[in-house]
Amino acid sequence: MANADSARSTADVPSFRYRVSGMDCAKDAAQIERAAQSAGVAPDAVKVSAATHIMTLKAPEARLPDIVKAVETTGYGFDRIESDEDLQQGAAHQDPAYRRALWIVVILNVGYGVIEMVGGFIAGSQAVKADALDFIGDGAITFLGLLAIGWSLAWRARSALIQGIFLGLLGLGVLGTTIMRAFEPITPDAALMGLLGLIALVINVVSVLPLLRYRKGDANMRAVWLFSRNDAIGNAAVVIAAGLVVWLGSAWPDLIVAFGIAGLFLHSSWSIIRDARSDLKAAA
């Protein structure tokens, strides 16, 4: 009976949208949805898109302050979207300096990604190759995000769909080549592997510096900042794997990191594609 009442109530109440600042992945979206549900929102009355970083909420307007207070306990920022014009606006759309910072991120990521890929083949390291693809993928995704600044929800969702497909292809590529290498494991050059990982860490730090002033901005700004920060963790994993290769005299630490990066690609791809398709339906 409670479920039936909940279903009727969500069909009769208006829908509100919020721009979420600080989201990084689908896990964050699920956390926000759980926080809204803790305030009495039905599961089918709240949806947070990992593709466009927008929370859609069905609830009486009088209850919005309490719900927003509940979701703000997650640590993310929530700005109500009053109109489609408001949806397209934001500091990123208005600040040329932010565009320049994004171009720096694109150039550094793609440029070093190509260098690291060559180094990965020389070192014989699957983890380094996967990390190189991560750099190239991040650069390409940031480039698409740069183009999408100020676009409508539908076109941002289409951009996110392309990002998700691209990430999925990268993940499948890394997974396939790593599985093939697992049947004939070859111990990589740990010294070169560690050096490339350290340089990658430095490149990520350099990429983050132009974004520091925007890390508390709108969702797109915050997301790029978090992506760069989290990539640094992946670079550190490559360095640690290099140390384990030396210690154990085995290729498996290298392969395990490569499998982990492939898994992250595929999980992110699935989440972004799912939410982008949902957003496209909503926009239609």
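**Buried helix positions in a predicted model**

Ala29 is buried, its relative accessible area being 3%; buried means under 20% relative accessible area, exposed over 50% and partly exposed in between, with a 1.4 Å probe and protein chains only. This is a predicted model, in which local features need pLDDT of at least 70, side-chain atom pairs count only at pLDDT 80 or more, and totals for chains, interfaces and linings use all residues. Residues are numbered from 1 along each chain as its sequence is written, and side-chain values use heavy atoms, with hydrogens and water left out.

Ala29 sits in helix H2 (residues 26-38); helices are DSSP runs of H or I with at least four residues, strands are runs of E with at least two, and both are numbered from the N terminus. Ser271 is 242 residues from Ala29 in sequence, yet their C-alpha atoms are 9.9 Å apart in space.

The buried residues of H9 include Met193, Gly197, Ala200 and Asn204. Gly197 has 0% relative accessibility. Leaving aside residues up to four places away in sequence, Gly197 touches Asn235, Val238 and Val239, where contact means heavy atoms within 4.5 Å. Ala242 lies 45 residues from Gly197 in sequence and 8.6 Å away, C-alpha to C-alpha.
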